[in-house]
Structures are given as structure tokens and as C-alpha cells.
Amino acid sequence: MEFTIKSGSPEKQRTACVVVGIFESRKLSLSAERIDRVSKGYISDIVRHGDMEGYLGSTLMLYNVPNILADRVLLVGLGRERDFKDMEFRQAIKSAVKLLNETGAYEAVFFLTEEKVRRRELGWCIEHAVIAAGEVVYSFNHLKTENSDVRRPLRKITFSVPMRSDLPVAEVMMARGIATAEGIEFARDIANNPANLCTPEYLTEMARMLESMYKEISVTILNRAEIEAEKMGAFLAVAKGSEVEPYFIVLRYTPAGVQKTSPTVLVGKGITFDSGGISLKPAADMDHMKFDMSGAAAVLGVFRAIADLKPSIDLVGLIPACENMPSGRATKPGDVVTSLSGKTIEILNTDAEGRLILADALTYAERFSPEAVVDIATLTGAMVVALGHEAAGAFGNNDTLVRSLVNAGEESADRAWSFPMWSEYGEGLKSHFADMANIGSGGRAAGSIVAAQFLSKFAGKYNWAHLDIAGVAYKEGKEKGATGRPVSLLVTWLLNREDRENEAMG
Ligand code: BES
Ligand code: MN
Ligand code: ZN
């Protein structure tokens, strides 16, 4: 998909389609009004007949609108004007793009930013219109041999901005949107690939691909022997039951002119399939566990977006990658292992494997003297119970850090919500036989916080936050598949950090 920006009037666009908004109930947006005037009441007539009420996400395609140069005019419902906020803006864009993608229009010019600009800056609108459009046109069809290439004529989307003086900012933010959208798409492709294709080795190939694409990215990969030499006993305990080789992937992004000092570290859970191990999961929906490397996919997606945008930041990515499988060699409930930190862990449930591989990755992060470490993981089913599919859970040992992530989530419409980390939640992690157990004694109570408490024991030496993305990383049902979340949140957060650092340096 190609994106461009221009400034002009809706009636004068020589294009396949112009897109204008209608508010509920039946209130024309500025651009719709303009088309209405030029077409001598054509739009208001239609609206008066009740064919377009302006409900959020509704659409109506019009052909041969009098005195309009475009072949088509697409009316898109924006909902109530006073409720037209970030999520509504995204929804309107998505509905319009979805419909366009099913018509013969090869390009379209959108006039949807002007009403939104009153609440948000124009740049935000452009950035997020690009991201939302990218989400809709995404498809994952390469594993189908039949009907896999439906002809999609829509090639180009242009966003109209109110004034010529808006163009420079809009261009910059469009570039940000495009880079983020590509990072999201990259993450979605990786996560959607099934576990027989998306193996730990495949994740190393994706990291190597980024390394060859961008001179700012370098990659180091530890194989099993090297992971053993490092003494990552918790990670190895998870990898043990599988026939595929585990890898520990280290990515580093350093743009020209940036000193390698104290980087920001992103850690992504890379379980390419989570069967539960000997604590085997039930059969129903077990296929979802191919998405258990979504944290790793998000880290790879963020690296791609960041390497495109080249902000002056120092960034490290860590991905422990393996399968969690049952076998004669697999870890058994009750086994005690020694983690990289030296702390011993009694593995009471082999299905609580994410925290084990992350524990060693978090200890590994210490060697970078990081300014902040953020791990991203499909860590607990309890997360879905707590927040559903709307927001990721945010946890950590530093309130400022956690708040900055929640704010970036709000800003990017890729939400996260923070949870308490009172130490009482971690008390059930005591073990009779080791320094700690990998599950709490409290059963299902506050499972996501207990998991975060476990992680916190390995993150004591730096500012740390944890995003539990079990509810947001993928969708079920009709739109089943990876979402690429929280790439957008993290890219926004990292770019905000760059701004903050520049300010600090004066
Ligand atoms: N990968 C799962 C968490 C998960 C569940 C993600 C559902 C997405 C959807 C994780 O490894 C896991 O199995 N967690 C257990 C922890 C329990 C054994 C303490 C869980 O949530 O049931
Ligand atoms: Mn598990
Ligand atoms: Zn898991």
C-alpha cells in the first residue's frame, strides 16, 4: 500500500474515491457539507432518506455524484461528534478501508482528519490513519493454495490535510506511521506462522534478516551449548522436552553517533509452541499456543520500525526461544533447577514456563547496565480474565516507568493498564525445596500479578516493567490471528524516550 498526503478540496479530486464523514445523527462533516453544496444537496438528500445515519463504522458508497470529479464518494459514519476520539477515528478509518478493499477503487483520498484535529494534533491523525489502514489490508494467505490471491485493487491511500502549512508535519508523521505499520506487519507474519514453521531457528532467521537489512542492527545468537555454558538453567529446563534446538537471540540497535552506554532492553517471550509440557494443556484451543512467541515477534517488529526511523537511542533486544513440550526428557513437576541468577526454582507446574525463560533473560539483561528493561510476554491466561482483549497488563518495580508505558499505550491507542505489585502477592511463591516455586500457592487468585512477582525477583537490579500481552497479542474467532500488539505502544514509548533524552541533554 502506498500512502501520500495532500491538501485540497474534496470536490476537485480526480481519483477513484473520496471519503468523507457523517456524524450521528445525520450531521455532515465539513467535507461532506462541501460536497453537498457542490452537488446541490445530493448528500443531504440521501441522509434525509435515512440511508446514512452516521453510526460509527457504517459506510455507504455513492457513484456519479453530480459535479464531483471523483468516480465515487464514500460516506463513512463517525458516530456522535462529541464522542469522536482516538478509538473512533481508528474505527472510521478501518471501516472505510475495509469497504474500499472490496470495491474496484484503486485509490482513495480521505477527508477525515479535519474534525479530529480539534481534539488531537493532525500528526497523530495521519500516523494512526496509516497504522489503522495497514491493519485492515493485512492478509496471511501464503499457506493456502486455493483462492489465496483475491484481486485487491486498492493500491494507494491519500490523506487530505486542512492546510498546505500542515504538509511538513504530516509527512514526518506519515513516515512514523508507515514504519510502525511495517513493524506491526512483520510481527504479525512471524506470529501467525504455525509452530512447525515458526521454530526457534526461524526466529533466529528473522533476527538475521533484520541484521542484513539495517546496518544499525547487529545480532548475536547463543546455541544450546552456549546457553549451557552461560548456566541458564531455568531456560534450559523448559527447552529440554523438545526435539528442536533452543536459541537465545541478542539484538542491538545503535545508530551512528550514539554511544553504547546504558541501553533500553526489550525482552520478548519466544515460546514457539506451549503444549504445557508434562503439565499438559487441554486439547481445546491448544493451537493458540503457536502465538506464545508474540512477545518475541513484537520485539522483532519494534526493531524493524526503530531501524527504519533511526531515533538516537541505544536499544537491546533479548529473545529466549524454545518449545515447551512433554517427552521422556522433559522437566517433571517438582524438579528443582538453578537459574542464571544462582537462585534455585522448584518447577511445580511445567506450564508456567514463560516466567522461567524470562527469569534467565532478565538476569542476562544485567550485563548491559540497562537504563530500563521491559519484557513483553503472553504470560498468563489470567490476563485475559482480568482485562479481556482491550489492554495489556502493565507491571513493574518503578512507577514512573510503568506510567510512561501506560501513557504510550493511551497515546498510540494500543492500550495497557497497570496492576498493583504489593509484595503480599508474591508470598505464595515460597517453596519447600528451593528458593522459590514457579507457581503461587493461591490457586487462580491474581495469577497475572503472581507471575509478575516471580519475574520481579530477577529484575531487582534495574528499572523494570513487564507487559502481559496474553489478551491482546492475537484474536480468536472470525478475525483469528496475530495483532502485532504492542509494537505501536513500544515504538511510541521509545520515540518519547528519545525526546526526553534530548531535552535532558539541553
Ligand atoms: N502461554 C501461557 C499463557 C496464555 C494462556 C497465553 C492463554 C495466552 C492464552 C502460559 O505459559 C501459561 O500456560 N500460563 C499458565 C500459568 C499457570 C500454570 C500458573 C496459565 O495461565 O494457565
Ligand atoms: Mn504455559
Ligand atoms: Zn506460555
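In what order do the three strands of the open sheet lie? The order is β13-β14-β18, with mixed pairing. Before the tour, two notes. This is a predicted model: local features need pLDDT of at least 70, side-chain atom pairs count only at pLDDT 80 or more, and totals for chains, interfaces and linings use all residues. Residues are numbered from 1 along each chain, ligands from 1 in the order written, and side-chain values use heavy atoms, without hydrogens and water.

Stop 1: Strands are DSSP runs (E, at least two residues), numbered from the N terminus; two strands pair if DSSP finds at least two bridges between them. Asp335 stands opposite Ile347 in β14.

**Stop 2: Asp435.** Go to the loop between β17 (416-418) and β18, where Asp435 lies. Its side chain reaches the backbone nitrogen of Thr344 at 2.8 Å. Beyond its neighbours within four places in sequence, Asp435 is in contact (heavy atoms within 4.5 Å) with Gly342, Lys343 and Thr344.

**Stop 3: the metals.** Select the manganese ion (ligand 2). Asp274 (OD), Asp351 (O), Asp351 (OD) and Glu353 (OE) coordinate the manganese ion at 2.1 to 2.2 Å. The six donor atoms subtend angles of 72 to 167 degrees, which makes the arrangement irregular. Donors are N, O and S atoms within 2.8 Å of the metal (3.2 Å for Na, K and Ca). Now show the zinc ion (ligand 3): the two ions are 3.2 Å apart, and Asp274 coordinates both.

Key
Tetrahedral: all angles 85-135°; square planar, octahedral: opposite > 155°, others 65-115°. Helix = DSSP H or I, 4+ residues; strand = E, 2+ residues; numbered from the N terminus. Polar contact = N/O pair within 3.5 Å; in protein donor to acceptor, adjacent residues only side chain to side chain.
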